[in-house]
Structures are given as structure tokens and as C-alpha cells.
Amino acid sequence: MQLKRVVVTGLGALTPIGNNIEEYWNALVNGVSGAAPITYFDAAKFKTRFACELKGFNATDFIDRKEARKMDRFTQYAMVASDEAIADANLNLDEIDKLRVGVIWGAGIGGLETFQNEALNYGAGDGTPRFNPFFIPKMIADIAPGNISIKNGFMGPNYTTVSACASSANAMIDALNYIRLGTCDVIVTGGSEAAVAIAGVGGFNAMHALSTRNESPETASRPFDAERDGFVLGEGAGAMVLESYEHAKARGAKIYAEIIGGGMSSDAHHMTAPHPDGIGVIAVMKNCLENAGIKPEDVDHINTHGTSTPLGDVAELKAISEVFGDHAKTININSTKSMTGHLLGAAGAIESIASILAMKHGVVPPTINHKNVDENINPELNLTLNKAQKREIKVAISNTFGFGGHNACVAFKKLDD
């Protein structure tokens, strides 16, 4: 059968450096750091006392107060970002066939804060079980797409993908395939996460995964820098409306880009550490290129996973050199996590959005906070250090990897009629 072409017609973002698409993009190109001391709880006794929290966000500015109380923050974020993407796509909810509109969402953890608070409340009591009646539906990771579909009446496929930090990239690949195969006309996809909480920071600290650069939070996320010491925890959501090309053209929709392929692989190596030779990362990028029907030399830009961890950054760049050969030196490579921090299950979505906007505007956002050269990294690679670079981008890919060895890669192309 002939696979359908799939395009991006709507975008939404709620990030530590901007509460909508316009704010997010402006902060990206200007190299703004979202890291600051934690305000959500008293972190004085924690090894890491900073994170990339949302700034100036109030859920009840967007969601009815009574409804907001039934939602964990990760669901609130999903609702706000998806609303922006749906509005941006100019979908007429009275005219589209809602049986052919799905919601496929990504979340690595789900309602962590809800679970944490209910457990703490029970532990502080006398053993009598007094739990919030919304405890379970607030906590479960699939509730975000459920709420998006309930609000909008979308009756197509509806579920959450869970693959740690690769979750929203996997969601986008699933959405791409449902539309390619003709099962759906439109899918709202993306991801959200809200792990800046006692359990989230404490848990990642126990793993020695987070930066502890408490004296300078804004410079703590420093991918590819020789003195990087771990990632900075972020939160938020990214959403996009994917649509079959023919459906988008028929309704006169604006089109940001074509999503041309996706790849997946597993490191099959370690719970948290990447394979030192990047074997799984090599495989996922090759899979993505093959699935997209493009050659390595077609790629102009790579938004890396680039978490600012000692092992991960080196392994990924080695893999890029292996897959792209000499062409790797001509690619604009960056890590927007240097600004947003690591949004875990939402990372793939907001970083894909960054790639799409880079393609639209002809500007690659910088990898900020780079000061010290890492001798383990090929100096001929263009890591777009510290300052945005103008660049025509026809094809961009976005890498996202998760604990457990989950790897996902998504490819986007400037629309070619």
C-alpha cells in the first residue's frame, strides 16, 4: 500500500524558558538558561538545590479551578500545550471526523508528585487509609491523553507511551505510523513531565545523575563541556498536531514541516549508562534515515539528546561521527537541554519542536555554557557553541534516549510539494 505523507500543522510548548511557542523560540535563539533555585519545596538539604521550573505559570489561568484540582501537574501541562497546538493548527472541531482524530502522548513518570504527596500524607497519619478519591486517576500516566480527548471529543487511538526520556519521541513515531497507514487523519501528540518534586530530585540525586553546581545553576547544564557533571531536571510539555498531507491541504492548513521518518533501538547494555561505543545510538539513527528514505548527507541539523552527562555526550557524538562520516563535520549539532534542562518524557517533543522552528526560521539555537574543551570529543564537529547560527535547514533529526536503553530518533523535512 502507498503510505500517506504526514505533516506538522500545529505546535504548543510550555517550558522553563517560555510558556508558549513564541516565548520558547525567542529564548532558544537568545541562549536563555531556565535553571534557578528550586521554589516548589525546601531543597536546602538536597545535593542539588536547583532545577528548570516553569516561570510565571498558573494552571487556573487556563483550566477551571475545580478541574485543575483533579489533575497532576503533568496533566495540567499537557492540557495547556495541547490547547495551544490545536488552536495553532486551526482545527475546526465541528467539521473534522473525530473518530479519525487520536491522541498519543508520552510521559516517562506521570503523576510523581501526586503519588509522593499521598504516600507522605499516609505516612504522617495513624495508619488509617485516607486517600484522595482522585489519587489514582491523577497519577496514572495515560490520564493526560485521556483528558485531552475528553475535552475535545477525539475518539481515535488514545494512549501513553512510556520509555523514560524517549517517551514523547516514541509517541510521535507511533502517531506518524497511524497516519501513514490511514488509520487516522489527525493525531495530537507530544509529551509532558512534572518531576521537579521531592521524590524526583531526591531519586535522581541518589543515582548521581544530576548536576550539583549549586553555586551557579544557570551554567550547570553544559553539554559537551569537559566539566559537565550531570543533567539539570526540567519540566513542562511539548505538543504538536500531526496530520495527513492530503487532509491538511484539503482544509487549507498551514504546514510547518513534513515528518518523514522515525527510528527505534535498544542499547541492551545497562539500566542507566549508554553503551560506550554508542552501538544502540548508531542503530537508531541508521534506522531513522532508512525509514525516512534519506541519506546521511541529506541531514543539515541534529538536535542531540545531549544531557550534559560525562558518558552520554561522548557516546552520542561518537555515534554521529560513525553514522555520518565526514559529513558530520558539516552538520549543525546542538543540545537545547543546555537551556531547558532535561524534561524527561517531554524532551523528545520540545526538542523536535526546536528542530522544526530552526528549520522554519533558518536559525540553529546554541548549545550554551560551553567553556572547556573535552579532549574526548571530535573538535571538528560544529556543536553550535554559545551563539545561534544562521543555516538553511532542509532536513533535521532529533535524538532522544532513555534509561533502560531506549533510543528514538525522529526526522523532519522542509515541505517539498
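**View 1. Thr400 is a buried residue, with a relative accessible area of 0%.** Buried here means under 20% relative accessible area, exposed over 50%, and partly exposed in between (1.4 Å probe, protein chains only). Thr400 has its place in strand E13, residues 395-402, where helices (H or I, at least four residues) and strands (E, at least two) are DSSP runs numbered from the N terminus. Leaving aside residues up to four places away in sequence, Thr400 touches Cys165, Ala166, Ala169, His305, Ala347, Gly348, His406, Asn407 and Ala408, a contact being heavy atoms within 4.5 Å. The model is predicted, so that local features need pLDDT of at least 70 and side-chain atom pairs count only at pLDDT 80 or more, whereas totals for chains, interfaces and linings use all residues. Residues are numbered from 1 along each chain as its sequence is written, and side-chain values use heavy atoms, with hydrogens and water left out.

**View 2. Helix H7 covers residues 167-180 and is mostly covered.** From its first C-alpha to its last, H7 reaches 20 Å, close to the 20 Å expected at 1.5 Å a residue for its 14 residues; the expected span is 1.5 Å times one less than the number of residues. Of these 14 residues, 11 are buried, among them Ala169, Met172, Ile173, Leu176 and Ile179. Just after H7, Gly182 takes a positive phi of about 85°, while Leu181, in the loop between H7 and strand E6 (186-193), is partly exposed at a relative accessible area of 47%.

**View 3. Asp88 and Lys254 meet through their side chains in a salt bridge (2.8 Å, N to O).** Asp88 lies in helix H3 (residues 73-89) and Lys254 in the loop between helix H9 (245-250) and strand E8 (257-266), so the pair ties together parts that are 166 residues apart in sequence. A salt bridge is a side-chain nitrogen of Lys or Arg within 4 Å of a carboxyl oxygen of Asp or Glu, and the structure holds 18 of them. Both partners are partly exposed, Asp88 with a relative accessible area of 23% and Lys254 with 41%.

**View 4. Arg228 forms a salt bridge with Asp374, the closest N and O atoms being 2.8 Å apart.** Because Arg228 lies in the loop between H8 and E7 and Asp374 in the loop between strand E11 (363-364) and strand E12 (389-390), the pair ties together parts that are 146 residues apart in sequence. Arg228 and Asp374 are both buried.
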